[in-house]
Amino acid sequence: MTEQTYCDRLVQDTPFLMGHGRLSEQQVDRIILQLNRYYPQILSNKDAEKFRNPKASLRVRLCDLLGHLQRSNERDCQEFYRALYIHAQPLHSHLPSRHTLQNSDCTELDSGTGSQELSDRGPVAFLACLGLAAGLALLVYCCPPDPKVLPGARRVLGFSPVIVDRHVSRFLLAFLTDDLGGL
């Protein structure tokens, strides 16, 4: 498979970028201003004024801008993607061309169903599970087997096998015995 150019990616991403509510007027204006100020050879002052015309709708202006960039060279399209990354990073990470590039090596994987289920849970759920596991590990491995030290912990752990899976409950029940050498 040949590598996609930035112009090819822009053609692929244009319908996505044109979707309702994808880019705000402020984001489009910032992208236009960046391309005009830092790269006047990409967007001249006249082009920038045309693409920032408040009398035209956002959709028309964005369509004209993307069409102008598609007719230009590779470097211009690359600078558009750089500006898009700077001013609309969440949108940039969801571009169809980025998903195509990421999945090009993994042709046998389904694009999204399994990975989105995991990523939807977020880092808080991961940290909560990690904290629970670390807490249980500390209780099991660091607490001395003397029943006088933590009698409350032994009572709580005595009821936890009812809730926890049977594989984990064996280790929790071993904690309740005075002789931990029998594992």
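Predicted model: local features only at pLDDT ≥ 70, side-chain atom pairs only at ≥ 80, totals over all residues.
Biologist: At what angle do helix H2 and helix H4 pack?

Modeller: Glu 25, Val 28, Asp 29, Ile 32 and Leu 35 in H2 meet residues of H4, among them Leu 58 and Arg 61. The crossing of the two helices is left-handed. The axes of H2 (residues 25–38) and H4 (residues 58–70) lie 11 Å apart, at an angle of about 30°.

Biologist: How many residues apart in sequence are the parts that Asp 29 and Arg 61 tie together?

Modeller: Asp 29 forms a salt bridge with Arg 61, with 3.9 Å between the closest N and O atoms. Because Asp 29 lies in helix H2 and Arg 61 in helix H4, the pair joins parts of the sequence separated by 32 residues.

Biologist: Which residues are linked with Asp 29 in a network of salt bridges?

Modeller: Asp 29 also meets Arg 52 in a salt bridge, at 3.7 Å from N to O. That pair links helix H2 to the loop between helix H3 and H4. The network that holds Asp 29 also includes Glu 25, Arg 52 and Arg 61.

Biologist: Which residues make the nonpolar surface patch?

Modeller: Phe 126, in helix H9, counts as exposed because its relative accessibility is 54%. The patch covers about 330 Å² and is made by Phe 126, Leu 127 and Leu 130.

Notes: Residues numbered from 1 in each chain as written. Heavy atoms only, no water. Patch = residues over 30% accessible without salt bridge, like charges linked within 9 Å, V, L, I, M, F, W, Y side chains within 5 Å. Areas by Shrake-Rupley, 256 points an atom, 1.4 Å probe, with all protein chains shown as cover. Salt bridge = Lys/Arg side-chain N within 4 Å of Asp/Glu carboxyl O. Helix = DSSP H or I, 4+ residues; strand = E, 2+ residues; numbered from the N terminus. Buried < 20%, exposed > 50% of the residue type's maximum accessible area, 1.4 Å probe, protein only. Axes fitted to C-alpha atoms, helices over the stretch in contact; angles between N-to-C directions. Left-handed = near helix turned anticlockwise from the far one by under 90°. Contact = heavy atoms within 4.5 Å.
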